[in-house]
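The entries follow in the order I made them.

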Amino acid sequence: MVELNFMFFALAIPAVIFAGISKGGFGSGVAFASASILALILEPGQALALMLPLLMIIDLATLRPFWNRWSRPDARLLILGGLPGVVAGAWLYTATDADLLRLLIGAISLGFVLWHTAQSSGWIRSFATRLPAWAGLTAGAVAGFTSFVSHAGGPPAAVYLLSQKLTKTEFQATTVLTFWVLNIAKFIPYAWLGMFTLQTAWANLLLAPFALLGAWLGVRAHWMLSERLFFRIAYILLTLTGTKLIWDALT
């Protein structure tokens with residue numbers, strides 16, 4: 001049961017706004033922090049099911065500002081690779097339990113922070129040349145899988161897209177298009193697995209305005225807000241929630 005009480009909305013509202021800002025202005029790379037936050041008070045499957053329709057609403061809201069500004073070849077590779085990844089994620093969901101999902105979501109959260117810390121510190125260098133097409137398909141497959149189990153498809157997709165030397169807007173637009181398609185693909189197995197409930201539907205209706213608000217703020221922030229400040233906030237959230245989820249899974 002998803003209890004729509006004060007604690008739920010105190011965490012869910014800022015989490016959903018954060019997801020909208022991330023997907024609307026800075027790619028979907030850290031939008032999955034919202035699912036990590038909700039997994040602190042909900043079963044992981046409930047948190048994932050609750051966030052998916054809201055992410056789809058954000059996708060629709062952000063498509064128009066970035067329409068046709070994406071890199072078609074790169075989006076095509078990520079989507080083609082991502083669909084089998086979604087299938088693999090659905091299989092894992094049926095074969096695991098809530099604690100393993102918490103562990104996965106927490107590990108992905110901390111792994112994302114470690115990867116970006118290593119990159120910003122110069123321990124991992126940016127790619128000097130563009131990665132080939134097979135790397136795009138591979139990144140798409142990983143993105144589809146991690147997107148299904150934690151809504152964290154952004155980081156593996158970003159690894160490939162950053163190597164393609166896209167502009168900031170091309171990167172953002174390609175990310176929006178890719179995960180618009182993959183989120184639609186995820187909706188089918190989520191429904192088939194019974195992850196959606198009447199409670200998550202009510203919560204979606206109540207939280208939808210905040211998803212749209214976040215998307216609107218994100219599009220504006222894309223042109224105005226410092227990426228460094230935004231991602232510092234995201235790293236703190238991911239570190240705290242990731243550590244807590246791993247602790248809960250192991251204890």
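I count a salt bridge when a side-chain nitrogen of Lys or Arg lies within 4 Å of a carboxyl oxygen of Asp or Glu. The model I am reading is predicted.

**Entry 1: salt bridges**

How many salt bridges does the structure hold? I find 2.

I took the pair of Glu 43 and Arg 102 to begin with. Their side chains meet in a salt bridge at 3.1 Å, N to O. The pair links distant parts of the chain, 59 residues apart. Glu 43 sits in the loop between helix 2 (33–38) and helix 3 (44–63), while Arg 102 belongs to helix 5 (residues 98–120).

Next I looked up Asp 99 and Arg 102. Here the side chains meet in a salt bridge at 2.9 Å, N to O. Both residues lie in helix 5. They are 3 residues apart, about one turn of the helix.

I noted that Arg 102 takes part in a salt bridge with Glu 43 and in one with Asp 99. As background, side chains of opposite charge can pair when their charged atoms come close.

Is Arg 102 buried or exposed? Its relative accessible area is 13%. I call Arg 102 buried because that is under the 20% cut-off.

Glu 43 comes out at 38% relative accessibility, so I list Glu 43 as partly exposed. Asp 99 has a relative accessible area of 34% and is also partly exposed.

**Entry 2: helix 4 against helix 7**

I then turned to helix 4 (residues 72–95) and helix 7 (residues 154–163). Their axes come within 11 Å and cross at roughly 150°. The angle is over 145°, so helix 4 and helix 7 are roughly antiparallel to each other. The crossing is right-handed.

Which residues make the contact? Helix 4 supplies Asp 74, Leu 77 and Leu 78. Helix 7 supplies Ala 157, Tyr 160 and Leu 161. By class, I tally 5 nonpolar, no polar and 1 charged residues.

**Entry 3: Val 219**

Where is Val 219 found? I placed Val 219 in helix 9 (residues 198–224). Val 219 has a relative accessible area of 17%, so I mark this residue as buried.

I also looked up the separation of Val 219 from Ile 21. In sequence they are 198 residues apart. In space the C-alpha to C-alpha distance is 7.3 Å.

Definitions and conventions
Residues numbered from 1 in each chain as written. Predicted model: local features only at pLDDT ≥ 70, side-chain atom pairs only at ≥ 80, totals over all residues. Heavy atoms only, no water. Axes fitted to C-alpha atoms, helices over the stretch in contact; angles between N-to-C directions. Helix = DSSP H or I, 4+ residues; strand = E, 2+ residues; numbered from the N terminus. Parallel < 35°, antiparallel > 145°, perpendicular 65-115°, else oblique. Left-handed = near helix turned anticlockwise from the far one by under 90°. Contact = heavy atoms within 4.5 Å. Nonpolar A, V, L, I, M, F, W, Y, C, P; charged D, E, K, R; others polar. Buried < 20%, exposed > 50% of the residue type's maximum accessible area, 1.4 Å probe, protein only.
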